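Thanks for coming, everyone. I have one structure to walk you through. Please have a look at it first.

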Amino acid sequence: MIEEMRLRDLGVIADATLPIGRGFTAITGETGAGKTMVVTGLGLLLGQRADSGAVRKGAAQAAVEGVWLVPEEGVVAARVREAGGDVEPVGGGSAELYLGRTVSSEGRGRATVGGRTAPAGVLADLADDLVVVHGQSDQLRLKSSSAQREALDRFGGEPVGAARTAYRAAWDVWRRLDAELTTLTADRDERAREAERLRAAIAEIEAVAPVAGEEEELARRAERLANAEDLRVAAVTAHAALSSEDGAPDVVTLLAEARRALERISGSDEALAEIGALVTDLGYRATDASVALSGYLADLDESGPHELAAVDERRGVIAGLVRAHGSVDAAISLLETGSARLVELDDDGDRLQRLETQRDAAAAELDAAAEALTAARREAAERLSAAVTEELHALALPDARLSVDVAPATPAGHGRDEVAILLAPHPGADPRPVSRGASGGELSRVMLAIEVVIAGVDPVPTFVFDEVDAGIGGAAAIEVGRRLARLAESSQVIAVTHLAQVAAFAGNHLTVVKGNDGAVTASSVRRLDGAEREAEMARLLSGLSDSDAALTHARELLETGRSR
């Protein structure tokens, strides 16, 4: 609930603090004093669009601040913390939430949530869990079929809620299967072409049988074969120098002679023996190199132009795979993953059949859930119709009859029902949609009756009514005030009114007082008690705050309000 709200430089209000609190708060004041600015300020705190025209003339900006009492843990506190703000614990599981909004004369604005700057959208997110506002332009949230359906579902409580949850789950399953089936059917030809392309690609890759790293190996072999003659000359020359077969001096022979010469005398000198060992090792190494060169030359002799041609041909085949797939690794990867994709594509026929079977089963479950939801709504509609009709009789519409019609509609996520609230204002009249068949005064009372009835099963923290009494007076106005007081037993109620019959039932009476400094009209807000309240009530009744007759009537109304 709203504990307090402060308005600064908003419309004609210079600076006003509204102490609100629990129960029913009535806000009255002279025409033009700025009563509706209270609703405008509240709208700003609830994330509604900011209008620079609301800034008081001559002021740089308008500001609205509000203090709410909310559960310390819950949806509201969680959203506030998500936005970077916090609530202030006050004990008993409750906490204070501070909201703020400024609007500059240039149109710029800023919002604060729980002490932190936040987008105005956060205020709008919080609105549904904080306040329900009824203004003269939207007296009924029930002008659209969807809003009327939501009102019925609220009244239906747990039975409707459970049926709606079950329906939504069945709807999501059916819609997913239907979308998958529709996509699969629509893409069947493209999927067949994909399977054909994939099958050809896999066959080509399997025929080539590429190996990871093969490109580099083939490049090295081609380089070697292209320079085979130069390699042979170098190898032959090196081999002849190491180990000659024509009797010419070679490295191996000379090292052998050196080793033998050193071995004969190495026993006489340890240093010379070490040198001899080194020469011996060089002899072994020279022999190994000679043998390696012999093998290299033998292998080189076996390689020839025919092998170079084969290597070039293989490189051409591999290059074709690279052009088609980007790299050899990509081709190998396609070979590994493409088979599974091909199985999936080739399974389209069986998959279609399976999906059709699953969708048909889901449709049957959806039908059952829709019927259950419709039945729950129709049962709730009968009870809501009877309860609201009874309330309308008490609101000076003794012959009115309200009915809630639940008719078949196009299936959607909320069900297969179109809900229409109909009003027959007098006997013999055909029920018509309440938004078209009711006058302004009747519409106000229908809205109030519905809220009173629904609040009995699904309370809203705070209701704000902007001139809910428009178009009515007398006994009807007294009953409106009585119903607002009754609604205030389970919710906080704030009503901007111009009727004393309504204000009399408020536990908290605030008046917007207009002053004039000769240049700018400015208003403030004051709480009324005792004689001041009687005077305001008299003014509402007769236009004169000091009329004895009006004061007497005012006292009678206040006594009626206190003893309701």
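**Salt bridges, rings and cores**

Arg-526 has a relative accessibility of 38%, so it counts as partly exposed. Keep in mind that this is a predicted model. Arg-526 has a partner. It forms a salt bridge with Glu-532, and the closest N and O atoms are 3.6 Å apart. Glu-532 is at 41% relative accessibility, so it is partly exposed too.

How many salt bridges does the count come to? The count is 28. Some of them share partners. Glu-150, Asp-153, Arg-164, Arg-377 and Asp-417 are joined that way into one network.

Here is the general idea. Side chains of opposite charge can pair when their charged atoms come close.

Next, helix α4, residues 145-186. Arg-168 and Asp-172 both lie in it, four residues apart, about one turn of the helix. They form a salt bridge, with the closest N and O atoms 3.2 Å apart. Arg-168 is partly exposed at 35% relative accessibility. Asp-172 is partly exposed as well, at 33%.

Now a pair that reaches further. Asp-178 and Arg-359 meet through their side chains in a salt bridge, 2.9 Å from N to O. This one links distant parts of the chain. Asp-178 is in helix α4, Arg-359 is in helix α12, residues 348-394, and 181 residues separate them. Arg-359 has a relative accessible area of 24%, so it is partly exposed.

The structure has three aromatic pairs by count. Why is the pair of Tyr-167 and Trp-171 called stacked? Because the planes of Tyr-167 and Trp-171 are at 20°, with the ring centres 6.3 Å apart, and planes under 30 degrees apart count as stacked. Tyr-167 and Trp-171 are four residues apart in α4, about one helical turn. Both are buried.

Trp-171 also pairs with Trp-174, and that pair is tilted: 5.7 Å centre to centre, 35° between the planes. These two are three residues apart in α4, again about one turn. Buried or partly exposed: which is Trp-174? It is partly exposed, with a relative accessible area of 22%. Trp-171 is buried, at 10%.

On to Arg-533, in helix α17, residues 530-542. Arg-533 is buried, yet it has no salt bridge. What is the nearest side chain of opposite charge? It is Asp-529, 5.9 Å away. A salt bridge needs the atoms within 4 Å. Arg-533 does have a polar contact, side chain to side chain, with His-509 at 3.1 Å. Leaving out residues up to four places away in sequence, Arg-533 touches several others, including Ala-503, Leu-528 and Leu-558.

Now the nonpolar cores. The largest has 67 residues. Phe-24, Leu-392, Leu-402, Phe-465 and Leu-484 have the most contacts inside it. Among the residues Phe-24 touches, beyond four places in sequence, are Leu-484, Val-493 and Phe-505. A second, separate core has 46 residues, including Ala-59 and Val-113.

Last, helix α1, residues 35-45. It is mostly covered, with nine of its eleven residues buried. Lys-35, Met-37 and Leu-45 are among them. Just after α1, Gly-47 has a positive phi of about 85°. Asp-9 also has a positive phi, about 55°, although it is not a glycine. You will find Asp-9 in strand β1, residues 2-10.

Methods. Residues numbered from 1 in each chain as written. Predicted model: local features only at pLDDT ≥ 70, side-chain atom pairs only at ≥ 80, totals over all residues. Heavy atoms only, no water. Buried < 20%, exposed > 50% of the residue type's maximum accessible area, 1.4 Å probe, protein only. Phe/Tyr/Trp six-rings, centres within 6.5 Å; stacked < 30°, edge-to-face > 60°. Lys, Arg positive; Asp, Glu negative; His and termini not counted. Polar contact = N/O pair within 3.5 Å; in protein donor to acceptor, adjacent residues only side chain to side chain. Contact = heavy atoms within 4.5 Å. Core = buried A, V, L, I, M, F, W, Y, C linked by side-chain atoms within 4.5 Å.
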